[in-house]
Amino acid sequence: MKFHVQVKSLIFTTLVFYFATALGNSNEARSILIKKFEKVRQQLSLDNPVRNSVSLRLADLLSERARISAMEELDRACVVCKAGEKDRTQAIDLYKEALPSLKNEKRGLVLAQLGHLLELNQRANEAEQIYKDIIKENADPASIAEAKLSLAEMSFKKSNYEEAYQLYEQVLIEPKAQRKALAAYRQAWCKFNLGKTNEAVEKMEVILRTPSLLSKTSDGTVAVDDHYKAEVSKDYSTFIAKKGSTIEDIKKVYQLSPESSRLTNINYLASELERLGQKEEAIEAFEFVLKKEENPTERLNYRLHLAQLYKDQKDIKSSLDSFQKALQLQKTLACENDSCDEVMTRLRKYVLDWHTEEKNRPSPSLLNAYTYYIESFPNEVDMGFWQIEALKVNQAWLKAIEEIQRIQRVYHSQKQTKGKNNLDKLPDFENVLLMQVEIAELSKMENLKNISYQNYLANSKAMTKKLAIKYQLAHLKYKNKEYLSAAKDFKELALMEDSDDSNIKIQSADLALDALVILKDDKEIEQWSNEFAKSFPEKKQYFLSISRKSVFNQATQLAQTEAGILKSWDTLKRVDLDGASPEEKRLYYRNRLILAEKLNHYTEARAAVNELLQMKDLSVQDQQWALSRQVWLAELALDFGAALKATHKLNMKPYVPESKDLKLAFFAELSGNDALPYYQNYMRQSKDEDQQLAVALKLIENSSDPIGTLKKYKKYFKNNPETYSSLFIEYLASKISVDKSFPVSEMKHLESDKSLVKTPAYLFAWKHNFLNNLSLKIEKLASHQLDASHQNQLTKSLKERVRRLDELEQLANHSIQVGEWSSQLYTIHHLAIQTHRFYEELLALPMPEGLTEEEQMQYMQLLSQQAAPYKMKYEALLSKESGFWSVENLIEKLKQKYQDAKIPLRPFIKRELQILSKLAPENIKIELAAIINYDFPKKEVPVFAELESARDKVRKNPMDVLILDSLIELEKRSNNKNMVNYLISRRQQINDLKGNTQ
């Protein structure tokens, strides 16, 4: 029974194999066979010897179907590739089931297939173990070599190139190894991946020179597989490119490649060298293949590569030469449909990429490239536009204009085209015309602009920019200083009715007015701006503002001459301030103020300056200027209070007055305000010593304690000691009576400063004190009597008399040293009188009692001898005294001294004259009496009404010098020093303004 079953199974199996052969290798046939083998296998018992054969065949079919499915999936560009996995898993199980019954070579082949399937199913560890088991079992050498090859492949995939290399080496030394070609090929790649490029190259050369390593057959025969050799030679090209090729390497690649792929491999090598940046080597390769290649398309391809490579190497001449030859080759191509599109794209790309590189500074060579291209494709206008961009950057305006004109001719012929890769729409003819205008305007060359504008107006049908172009033509006239013609053209454009471009029309109106400004035709400006205000309601106020400005200009121009000032005033009245800007109002009031001052319309001037100062947005500078005018106008009106307030606000040069604090002090004094703070502030800040002295004098004069104030400001008199001492003595004189001496403490104050002791004022005070002291001494001397009642008393009284005479003589000598005339005269006169009295008293002394006649004679002789010197001194003093009265012009000098003296000093001088009169000869006494009795004239102080009337006249006619002089005289009579000083200063200002230096 068992035998029958086995026979039946064998018959069934045989039939299945028959069908397998009949159905072939299609997927559908393979799937049918798989199902049949599965059915047969299910019917076979486990111990059936046929079962293993069925399992092995079924496994082979499943493996093959899995391979085909995986390849199809790869062709579909799978990301996660799973096709065939199930079939491989089933095949693995079948091979494992059949494996125990297999021996020797058959077992080795199955194990190898099993390992391969395990690898594909991501079961690498199991596969590796299978391969190791094959080697361990010492199966047949071919199987061991295959296992080692598989292990090598696994190591190769893991990038374990050293390990893979050794395993490949073991395969290569095994004589029975079936796939030595693959092992040798992989070894070369191991060396390459390990960076040993030269060794990799040598390995590849060995393969290419060894036919057995170029064969994929495993039946022992050697037949070179040209397809495989082509692949190897291409990889050899890759290795050479990596290494860096020489011309010899290029020749080797050519020689070792199959004839069918020689040029392809050299092209590939050249491309790889180019990609790797080995540009010189790439050039050699392309030049080499160019000499071998006959196909025009390929030659053009090489020429383009060379053009780019030469350019990269800065060999622009060779680059352009290759580009030109590429263009020539392009003309020989027989292009059908879009077959030449790629070539055209690359030709354009060469130029456009170059343009991108030199975008900011296109070279002449780039422009030549454009020229060559456009010569070959003259209707491809978009390249012309690109060329124009390059020419614009280089400011080659004439060439740019020539090119745009060429493009315009192409448009006229309606043959304009663009590159296939250009997705942008070509500009219409209107825009091309405008491009010429743009280039011309960029050139700033007036002749080009004029030609372009005229070209547009002559050739444009759309006339979209008619107004703008006419505007530019008018503008050219404007720039060429043809202002009158330009103004008329601009006005025509501004009032053009068939255009809605209000911006250009308004600009035209502006420029029309600008031209008139240059022509200085303010009357037309006023008229035209009023017209424009009506035509452009939205700009009405703007143009009315220009009209107002023209009126201002006319007024200003008229005001340049004396005769035109009144006309200027009348012209200014045409200004309507309704809607005027703050600036216009400022200008109006400023001009009105200036003209009012020139016309002496001071009431209007004050009104204008007040309006100006009430403006909120007035600039600081204008405010300061207005304030300075307000000060001046207030001065003219003698309104010093207003002048004071306005001056306070002045703080900007040049409007702030020099020595502002002095000015404020002056106005304060004139307006009855306290000037002291201003003077004090000035003294703290000023460095002008002369002005400081003047202020100090003012402060001293106004002080309730002039002497104390004088001492306080003494430092300012360091260069004027005479002034200081003069004031000091003057103020002292005003405080003491004439019969009193100047206080000793005050005299010591002066004597403490050597510079003051030498001054006339100090000498004046010293003389007064000296004479007072001398009078006391003389009184005491004159009252002294000799006592002859007793000898001792006589001796004592004589000594006292002599002492007093000596003291008086010492005073005389001191006055002589000082050099003061009156004190010398006074001292000498009284010394002479007292000396003569002493002489006479000596001679009149009684004879002592009890003397003999002889003794009496001796006494008389002795007395005569003692008295004689006093007589001689007396006579000498009389002679000296008479010399004092003989001084030239003495009386005139004394008279002038008395009459010119300050009021406080007059009593002191009068007392001195009275003293001198008592000493003088009779004839001089009479003259001195006339001086002493001089009646100083009294000033007649004007009444207030008279003074105020004179001031009103000045207010009404502030520039009339005669009226001003009348007021000055009245103010002098009123002893109004401050006002007098101010009016004198103002008189000088008026004369300066009138150019009168009198």
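1. Let's start with helix α10, residues 197–209. Its 13 residues reach 18 Å from the first C-alpha to the last, close to the 18 Å expected at 1.5 Å a residue.

2. Which residues of α10 are buried? They are T197, A200, V201, M204, E205, I207 and L208. Looking down the axis of α10, you'd find these buried residues within an arc of 160°, so they line one face of the helix.

3. The face pointing away from its buried side carries E202 and R209, both exposed. As for the buried residues, what covers them includes α9 (180–193), α11 (226–243) and α12 (247–256).

4. Next, a glutamate to click on: E526, which sits in helix α26, residues 522–535. Is E526 buried or exposed? With a relative accessible area of 15%, E526 counts as buried, because the cut-off for buried is under 20%.

5. What does the side chain of E526 pair with? A polar contact of 2.9 Å joins it to the side chain of Q554. Setting aside neighbours within four places in sequence, E526 touches S547, S550, V551, Q554 and R574.

6. On to the nonpolar cores. The largest has 133 residues, and I729, F742, W885 and L928 are those with the most contacts inside it. Helix α40 (residues 760–783) gives this core its largest share, 10 residues. There is also a second, separate core of 81 residues, with V110, C190, L290 and L309 among its members.

7. L928 is a handy place to look into the largest core. Neighbours within four places in sequence aside, L928 is in contact with W885, I891, L894, L913, L916, S917 and A920. One of these, W885, is also listed with L928 among the residues with the most contacts inside that core.

8. Finally, confidence. The chain averages a pLDDT of 85, and 95% of the residues score at least 70.

9. Where pLDDT is low, the predicted coordinates should not be read in detail.

Key
Residues numbered from 1 in each chain as written. Predicted model: local features only at pLDDT ≥ 70, side-chain atom pairs only at ≥ 80, totals over all residues. Heavy atoms only, no water. Helix = DSSP H or I, 4+ residues; strand = E, 2+ residues; numbered from the N terminus. Expected span 1.5 Å × (residues − 1). Buried < 20%, exposed > 50% of the residue type's maximum accessible area, 1.4 Å probe, protein only. Arc of directions from axis to C-beta. Contact = heavy atoms within 4.5 Å. Polar contact = N/O pair within 3.5 Å; in protein donor to acceptor, adjacent residues only side chain to side chain. Core = buried A, V, L, I, M, F, W, Y, C linked by side-chain atoms within 4.5 Å. pLDDT = per-residue confidence, 0-100.
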